[in-house]
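Good morning, everyone, and thank you for making time for this. Please have a look at the structure on the screen, and then I will take you through a few parts of it.

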Amino acid sequence: LAHTFQHLPDKAAAAAKAFACLKPGGFVVIKTVDDSLKASWPDPDGIMRQVMAFYEDRVRATKPHTRHTDRNNGAKCYGLLCDAGFEGVSIDVRHATTAGLGRDERLAFFERMTYFRKPSPEDAEAVQRMGELLAQWRELFLQDGYFFDSPTFMVVGRKPGAAGTSGDASCALRDEALVERDGFTLAPMT
């Protein structure tokens with residue numbers, strides 16, 4: 001589930017579905033984000049947090065592909081997988097930072113962090129406010145001494161049992177409401 005898990009409307013149901021789809025000994029792998037752990041320094045006015053908060057308040061729920069997105073999803077995955085029955089759940093956090101990047105690389109990084117946060121054009125007030133915030137944040141990225149860290153969580157869980165043992169790994173996907181919902185489909189890997 002590479003950068004899809006955070007978009008699903010019911011993360012607990014998705015984890016349970018992944019568990020049901022796997023044979024004993026099978027693994028689920030989730031790659032996801034966690035905005036709550038991003039770092040921005042120096043950022044005396046808290047511009048990065050203002051961008052994140054405004055996005056949550058005025059933008060995220062207005063777009064179909066981000067309506068159910070949990071941008072603070074990474075740290076929750078451990079508990080979600082444990083609750084679904086996975087064992088040996090492990091987390092590796094990979095960090096993408098501005099450290100050592102040149103100006104153009106920092107600006108490209110800024111674009112990757114902000115392109116999806118822009119409001120719909122019909123909300124003129126939101127467009128203006130987010131534009132102001134993003135302009136201020138972009139100025140930070142232009143500074144050589146600015147440090148930004150965006151962690152990506154790699155979460156792995158294993159279904160109990162030995163690989164290759166018998167067990168009911170049928171998904172009955174056609175009977176589940178999660179099969180197709182808001183443009184997402186969960187199915188066994190083929």
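Where pLDDT is low, the predicted coordinates should not be read in detail. For the protein chain, the mean pLDDT is 89, and 86% of the residues reach 70 or more.

Let us turn to S40, which lies in strand β2. Is S40 buried or exposed? Its relative accessibility is 17%, and because buried means under 20%, S40 counts as buried. The side chain of S40 makes a polar contact of 2.8 Å with the side chain of D43, and another polar contact, of 2.6 Å, joins S40 to the side chain of Y146. Leaving aside residues up to four places away in sequence, S40 touches M48, W137, L140, Y146 and F147.

My last stop is helix α4, residues 103-114, whose 12 residues should span 16 Å at 1.5 Å a residue, and this agrees with the 17 Å between its end C-alpha atoms. Within α4, the residues R106, L107, F109, F110, M113 and T114 are buried. They cover an arc of only 155° around the axis, so they sit on the same side of α4. And what do the buried residues of α4 pack against? They pack against β3 (87-97), α5 (124-142) and β4 (147-158).

Methods
Residues numbered from 1 in each chain as written. Predicted model: local features only at pLDDT ≥ 70, side-chain atom pairs only at ≥ 80, totals over all residues. Heavy atoms only, no water. pLDDT = per-residue confidence, 0-100. Helix = DSSP H or I, 4+ residues; strand = E, 2+ residues; numbered from the N terminus. Buried < 20%, exposed > 50% of the residue type's maximum accessible area, 1.4 Å probe, protein only. Polar contact = N/O pair within 3.5 Å; in protein donor to acceptor, adjacent residues only side chain to side chain. Contact = heavy atoms within 4.5 Å. Expected span 1.5 Å × (residues − 1). Arc of directions from axis to C-beta.
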